Amino acid sequence: MKICIVGAGAIGGYLGAKLVLSGEEVTLIARGSHLEAIQKNGLKIILADGSSQVANPVLATSDFTAVESQDVVILAIKANSVSAIAPSLHHLYHEQTMVVTAQNGIPWWYFCKHGGEYKGTRLNSLDPDGIIENNIDIDRVIGCVVYPAAEIVEPGVIQHLEGERFTLGEIDGSKTERIQLLAQALKKAGFKAPVRNQIRTEIWIKLWGNIAFNPISALTGATLEAIAQYSHSRELARQMMLEAQTIAEKLGVKFGISLEQRINGAEKVGAHKTSMLQDIEAGRPTEIEAIAGAVVELGKLTQTPTPHIDALYASVKLLELTGKQRR
Ligand SMILES: NC(=O)C1=CN([C@@H]2O[C@H](COP(=O)(O)OP(=O)(O)OC[C@H]3O[C@@H](n4cnc5c(N)ncnc54)[C@H](OP(=O)(O)O)[C@@H]3O)[C@@H](O)[C@H]2O)C=CC1
Ligand SMILES: CC(C)(CO)C(=O)C(=O)O
């Protein structure tokens, strides 16, 4: 398959490198010193057991116009970067090209093909001007939930920490031939790629942890393990997660695991800095809108009070703002 990874960073780089090594025709879109290092030396992944491999893609570029049409485009840029690249994606399309959203948070397409009273609602926190919706035909979209944890440790080098699962789902829940082909390619590359008919449930289960742990870590500098083990921050996480659960249940989602199991799952990842904390430390914008802003918006839509999420959302937004002022 011809697969283009848009944003070959921590997750996209890990995914892309293993797909290259399994024999897929992979193009990587990256930029800056990371792109230069990939072009010069290939993309190196260091696996959790300390071993490493170098993958040489068909092409590594920052220029969307230099890429030929693809069977699969995997969006592995941060959720807050999608609107900037959406108008360039048409260069990568043929008629059947799939677009896989490999990101944390509520995706911009959440209410597309959804049914019920909120059918077709566009979330302003995610796609205020409709740029994404207008540039990514919804029939191309495949939902994806990212479970691995990884980091760019130096330009051209990705450290994989743990996790192999990329859960997939058509957004209307159907089991299509195209999604099975995609799942097969991911499995051949060594990933777990279950195909689910309720991808929004999977998205909420992942987000359940991110909505609490990512903002708390961004504000305090604490790791997942530390937040889960200190009783007051564990309780704060629980309150945020209860608010999110109430909203999700009003939208028809049924959580198959308990809140305590989800917190314990995050704790087991260990002394890991969340991606939001990594963004704050690097002075980058965060994914606060996809992870918390969208949930605040969904709270208003479903008339669900979200006082704990609101407080953390406001604080991370302020941190971003004052961070920018300091730079
Ligand atoms: N890292 C992790 O452990 C996990 C991440 N996730 C999720 O996965 C998604 C990807 O995160 P992650 O891999 O950490 O992010 P990274 O920042 O590591 O990777 C994204 C890459 O895309 C590049 N990029 C952004 N815009 C462009 C552009 N216009 N042209 C070329 N390159 C571009 C970035 O470059 P630059 O740095 O210059 O902006 C960066 O290298 C996020 O939604 C995240 O929440 C989910 C689970 C775990
Ligand atoms: C913490 C982790 C790896 C898993 O919950 C994550 O999703 C993030 O850092 O954003």
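Domain bounds come from an automatic or database domain assignment. With these bounds, domain 1 (2–197) and domain 2 (201–322) both give residues to the shell around ligand 1, so ligand 1 lies between them. The model is a predicted one, in which local features need pLDDT of at least 70 and side-chain atom pairs count only at pLDDT 80 or more, while totals for chains, interfaces and linings use all residues. Residues are numbered from 1 along each chain as its sequence is written, chains are lettered from A and ligands numbered from 1 in the order in which they are written, and side-chain values use heavy atoms, with hydrogens and water left out.

A residue is near a molecule if one of its heavy atoms lies within 4 Å of it. Of the 22 residues around ligand 1, those that come nearest are I11, R31, N104, A150 and E287. The shell divides into 13 nonpolar, 5 polar and 4 charged residues; here Ala, Val, Leu, Ile, Met, Phe, Trp, Tyr, Cys and Pro count as nonpolar, Asp, Glu, Lys and Arg as charged, and the others, Gly among them, as polar. An N or O atom in the side chain of E287 is 2.5 Å from an oxygen atom of ligand 1, and a polar side-chain atom of N104 lies 2.8 Å from an oxygen atom of this ligand.

The side chain of S275 has an N or O atom 2.6 Å from an oxygen atom of ligand 2, and for K206 the corresponding distance is 2.8 Å.

Key:
Polar contact = N/O pair within 3.5 Å; in protein donor to acceptor, adjacent residues only side chain to side chain.
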